[in-house]
Amino acid sequence: MLKQIKGLHHMTSIASDAAENNAFFTQALGLRRVKKTVNFDAPEVYHLYYGDEVGSPGSVMTYFPFQNAARGSKGTGEVGETVFSVPEGSLGFWADRLATFDAANMAEVDHFGEKRLRFDNPDGEGFALAEVRDDARPGWTGNGVSEDHAIRGFHAATMRLQDTGAMGELLGFMGYDKVDTMDGVTRFAVQEGTGANTIDLAAMPDAKRAQQGAGSVHHIAFAVEDRAAQLEVRKALLDTGYQVTPVIDRDYFWAIYFRTPGGVLFEVATNEPGFDRDEDRATLGETLRLPTQHEHLRPFLEQHLQPLEG
Ligand code: ZN
């Protein structure tokens, strides 16, 4: 069993409009945009990162906004709900706030004894805020959400699967323990993680397979401390029979990817070097950053990428 995985690193999803996506995550949810760059494999498309003050691993929601992308259809083989951690007693504030931003499908629910507020983002992607006790991570308060309410990072993610058996085994191999079950959902948790330590597996044997599009999670990334730990994880996965990519330099972390049983794309990303490697913390995310291989496209991209507030 691996010991190197430290919970979630980031989640990456598809959006249909960069400005709308930027406004929702910075203004409605009050997160900090910690990086404005492009999709390294499709540089005419933004890659936007939202998180806490520095984009700590376990706090970073990232987007590929493909303008006017068709909406995906929900189903199995995908992450169905991404859950942020908020302070106890803050859900009333969030319900009022999200209503003013026209968040759809809002509902307060109890999930494994946690109070949650579910909602969809403008592309119909499923999120929840969960009141979590004893989460010491500081929230970002720079966008007008006070420390009493601010999101501290991810708490959990729910994967929807036709059959959860193989995924449960994989999570066990990755260092997660099965901790609870409720209404067809099995809860796994990793010790000593980034704070985003929980994964729920929802069994949906009769549901059809998800079709990826706007509002879909593209991949879920798990955190490892450094490149040495990443290579250990990569070797262990290869030895177990997974097809794992080589290590890819994403400028702010190193990444490996592999497809899991049930279809969800996993990434394992390093906590080094971080989002402040190429800009000052005080102005993180404000200007367009380009990887070296795309720097020659800057004049074109600055003219053609949609302007964003903030
Ligand atoms: Zn990623």
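Student: Which residues does L170 touch, not counting residues up to four places away in sequence?

Tutor: This is a predicted model, and in it L170 touches L237, Y242, F258, T260, P261 and F266. To touch here is to have heavy atoms within 4.5 Å.

Student: Where is L170, and why is L170 called buried?

Tutor: L170 is in helix α3, residues 165-173. A residue is buried when its relative accessible area is under 20%. The value for L170 is 2%, so L170 is buried.

Student: How far apart are the C-alpha atoms of L170 and T240?

Tutor: They are separated by 9.9 Å, while the two residues are 70 residues apart along the chain.

Student: What makes G51 a buried residue?

Tutor: G51 has a relative accessible area of 1%. The limit for buried is under 20%, therefore G51 is buried. G51 is in strand β3, residues 42-51. Leaving aside neighbours within four places in sequence, G51 is in contact with L31, R32, V34, S59, V60 and W140.

Student: Why is T198 called buried?

Tutor: T198 has a relative accessibility of 9%. Buried means under 20%, so T198 counts as buried. This residue lies in strand β12, residues 198-203. Beyond its neighbours within four places in sequence, T198 is in contact with residues including H155, A156, R187 and F188.

Student: What class does R118 get, and why?

Tutor: R118 has a relative accessibility of 32%. Buried is under 20%, exposed is over 50%, and partly exposed is in between. The value for R118 falls in between, so R118 counts as partly exposed. R118 is found in strand β7, residues 114-120. Among its contacts outside four places in sequence are E81, N105, H111 and F127.

Student: How do you know that H304 is exposed?

Tutor: Exposed means over 50%. H304 is at 52% relative accessibility, so H304 counts as exposed. H304 is in helix α5, residues 298-304. From H304 to A70 the distance is 21 Å, C-alpha to C-alpha, and the two are 234 residues apart in sequence.

Student: What is phi near at D134, and is D134 buried or exposed?

Tutor: Phi of D134 is near 60°, a positive value in a residue other than glycine. The relative accessible area of D134 is 76%; with exposed set at over 50%, D134 is therefore exposed. D134 is in the loop between β8 (126-131) and β9 (154-161).

Student: Why are helices α1 and α2 called roughly antiparallel?

Tutor: Helix α1 (residues 18-28) and α2 pack at an angle of about 150°, with their axes 11 Å apart. Angles over 145 degrees count as roughly antiparallel, which means that α1 is roughly antiparallel to α2. The crossing of the two helices is right-handed.

Student: Which residues of α1 and α2 meet?

Tutor: F24, Q27 and A28 in α1 meet W94, R97 and L98 in α2. By class, this contact has four nonpolar, one polar and one charged residues.

Student: What coordinates the zinc ion?

Tutor: The zinc ion is coordinated by H10 (NE2), H219 (NE2) and E267 (OE), at 1.9 to 2.0 Å.

Student: How do you know that these atoms are donors?

Tutor: Donors for this ion are N, O and S atoms within 2.8 Å of the metal. The coordinating atoms are at 1.9 to 2.0 Å, so they count as donors. The donors follow the spacing H-x208-H-x47-E along the chain. H219 in strand β13 (residues 217-224) and E267 in strand β16 (residues 265-273) are 48 residues apart, and this pair links distant parts of the chain. Both H219 and E267 are buried.

Student: What kind of peptide bond runs from E272 to P273?

Tutor: That bond is cis, with omega near -5°. P273 is in strand β16.

Notes
Residues numbered from 1 in each chain as written. Predicted model: local features only at pLDDT ≥ 70, side-chain atom pairs only at ≥ 80, totals over all residues. Heavy atoms only, no water. Donors = N, O, S within 2.8 Å, 3.2 Å for Na, K, Ca; no water. Helix = DSSP H or I, 4+ residues; strand = E, 2+ residues; numbered from the N terminus. Buried < 20%, exposed > 50% of the residue type's maximum accessible area, 1.4 Å probe, protein only. Axes fitted to C-alpha atoms, helices over the stretch in contact; angles between N-to-C directions. Parallel < 35°, antiparallel > 145°, perpendicular 65-115°, else oblique. Left-handed = near helix turned anticlockwise from the far one by under 90°. Nonpolar A, V, L, I, M, F, W, Y, C, P; charged D, E, K, R; others polar.
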